[in-house]
Amino acid sequence: MKTWWKEAVGYQIVPQTFCDSNGDGIGDLRGIVQKLDVLQELGVDLLWLGPIFRSPMADDGYDVSDYRSVNPLLGTMEDLQELIRQVHARGMRIILDLVLNHTSDQHPWFQKARKDRSAPEHDYYLWQKGRIGAHGEPLPPTNWASFFSDSAWCYNEATDEYFLKIFSDKMPDLNWSNPALRQEMKAIARFWLDQGIDGFRIDAAAHLAKKRDWQDSPLPPDAQGWVPDWSQFSNLPELFGYLDELKREVFDQGDWVMIGEVGGGASVQTALNYVDEQSGALNMVFTMDHCWANGIHASQLSLSHQARIDVVALKKTFAHWIEGMSERAWLPVYWLNHDHPRVVSQYGDPHRYHRESATMLEQTLLLMRGTPFLYNGEEIGMTNDEQAQLEDFHDVWVKNMMASLRGRVDDAALLDHFRRTSRDNARSPMQWSDQPYAGFSTVPPKRRVNPNYIRINVQAQRQDPHSIWRHVQRTLALRKDPAWRDLFVYGSFQLVEAEHPQLFAYCRRDERREVWVISNFTAQPASIRLPQCSLRCLLANYPDSDPHPGDNLLRPYESLAVLIGAKEKQQ
Ligand code: GLC
Ligand code: CA
């Protein structure tokens, strides 16, 4: 079935680091309004805003303390109205980030819950008594790890209980088995949809239900001593009941798009439970397999930054998902979000081949099957923001890891690890120009600006026909060209030369035509044999690419999109 959100091109904005309109060092909603024309010119049309509700910002807004007001750091309800209006006036759409799994510990519900076991809000959260260890030491109710590398439980003195928090101590998990809580959350979803937005990205959607027998996991503990066993609180049967209820009572009431974040190692089969076009409650899910394809993000402290990307594994991961979903569901495709390193630092070469590798990565991504999502700054090849010292990191996950590992692992190894993997990497301010603070703000920003803004910025790249920004624009123009849209959006997807160790090549096909997208993921030349028929190069990231029948040698990070058998098939 054809729908607007399958044809859209997504763009994720982190509001607080995008554009500061009022000179307080923090990006804001009015700042986004100022940049809409540039985004439109680039060719994106579905904006996903990171969390904008009131929050103490312990986890960049994913810790919500009031679900019905705009975070004053970012603006007002009127600013949001204006943003929605301006987005729609440009024929674009906008979705908000909705955090259903947990609140901030500052949320009034939790403030009541933690003081008084008899308050109705107490049961909005998940509480258990602690245990006593073999040596009389207090222990949390289970051995589960949180996603942020500490225990999944936090002690609350006032009630002598632990509350579950699968992310941070400051983000207690909500109890979705409580019907009153579910009513509250449905009303909140309706409240924002009533403002005229076009849908939600649903944060941590996979985790709303937990195994409620509260047993230790039998799996081995990690270096911190806790067991990272996501099956205790991921993709559980009750969850799908909660989502169906949301769908029936809220999501089905408009032509919105609902995209769930489904980390926690979901399989294709599990993902289909969310997004099957007949029976799923959501429209798409973000699963993260390919973001970790070369293991660089995972907690392998031993991996050095020399670890090279495994191209075969990476493309097979994409193919596995695209092929697995294509009959019954639709996928978003993306290189990263705010939780990952910058893609050009991870899968490209930001030093010797910055332009080539970034344009190659974008061409590969943006012509795939699925709804593409760019992450702000990706369109200019923004790189990891390499912190100078361990003290410079903000990321709560890094801080937790550091608290338990410092002293046991040497500082140099830790620094190297976090510079590659930290979530701070992709959260530095957007680089608009070579003006002070990268044109992001007129005062020193709250988050440090990556010093390479002098070289890497939107203004310079818009003026340069060979820049990454321009190449992304060209690629999106091709994807959206009425002559090609059906092929690039709805056409089939199949890997070409799936075992080739350097090339990520795939074929897009509709009834009439066949286009091969061929990308060299390495700095070494790579060869491919093209069919003996007429060929037309639709797009390339080198100015003089000239694909021909027979053997072709692709240069470092070269990427081609070639119409195969142009003449024959067009007759
Ligand atoms: C999601 C978000 C991440 C956040 C977490 C807790 O994984 O993408 O940034 O820390 O949920 O809300
Ligand atoms: Ca501001």
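This is a predicted model: local features need pLDDT of at least 70, side-chain atom pairs count only at pLDDT 80 or more; totals for chains, interfaces and linings use all residues.
How many disulfides does the count come to by the rule used here? The count comes to zero, where a disulfide is a pair of cysteine sulfur atoms within 2.5 Å.

Residues are numbered from 1 along each chain as its sequence is written, chains are lettered from A and ligands numbered from 1 in the order in which they are written, and side-chain values use heavy atoms, with hydrogens and water left out.

**View 1. The whole chain, before the close-ups.**
The chain holds 17 helices and 22 strands; helices (H or I, at least four residues) and strands (E, at least two) are DSSP runs, numbered from the N terminus. Along the principal axes, the C-alpha atoms fill a box of roughly 75 × 55 × 50 Å. The radius of gyration is 24 Å, which agrees with the value near 25 Å that a compact globule of 571 residues would have; it is taken over C-alpha atoms, and the globule rule is 2.2 Å times the number of residues to the power 0.38. Of the 571 residues, 64% count as buried. Here buried means under 20% relative accessible area, exposed over 50%, and partly exposed in between (1.4 Å probe, protein chains only). The chain exposes about 21,400 Å², and carbon and sulfur atoms supply 49% of that area; accessible areas come from the Shrake-Rupley method with a 1.4 Å probe, and for residues only the protein chains shown count as cover. Among contacts with a separation of 6 or more, 70% come from residues 24 or more positions apart, a contact being heavy atoms within 4.5 Å.

Asp 20 counts as buried because its relative accessibility is 7%, while Asn 22, at 52%, counts as exposed.

**View 2. Strand E15 and its two partners.**
Strand E15 spans residues 371-375, and five of its five residues are buried. Thr 371, Phe 373 and Tyr 375 point one way from E15, whereas Pro 372 and Leu 374 point the other way. In a regular strand the side chains alternate between the two faces of the sheet. Strand E1 (residues 10-13) pairs with E15 in the parallel sense over three bridges, with Gln 12 opposite Tyr 375. Strand E14 (residues 332-334) also runs parallel to E15, joined to it by three bridges, and Tyr 334 has Phe 373 as its bridge partner. Two strands pair if DSSP finds at least two bridges between them.

**View 3. Strand E19 beside strand E21.**
E19 (residues 526-530) has a covered face made of Ala 526, Ile 528 and Leu 530, and an uncovered one made of Ser 527 and Arg 529. Its pairing with E21 (residues 550-554) is antiparallel, over five bridges. Across that pairing, Arg 529 has Asp 551 as its bridge partner.

**View 4. Arg 479, a buried arginine in a helix.**
Arg 479 lies in helix H15 (residues 468-480) and counts as buried because its relative accessibility is 1%. Beyond its neighbours within four places in sequence, its contacts include Val 9, Leu 366, Pro 372 and Trp 484.

**View 5. Two loop residues with positive phi.**
Most residues other than glycine have a negative phi. Met 57, in the loop between strand E3 (53-54) and strand E4 (66-70), has a positive phi of about 65°. For Asn 235, phi is near 55°; this residue is found in the loop between strand E11 (199-203) and helix H7 (237-249). Met 57 is partly exposed at 22% relative accessibility, and Asn 235 is buried at 17%.
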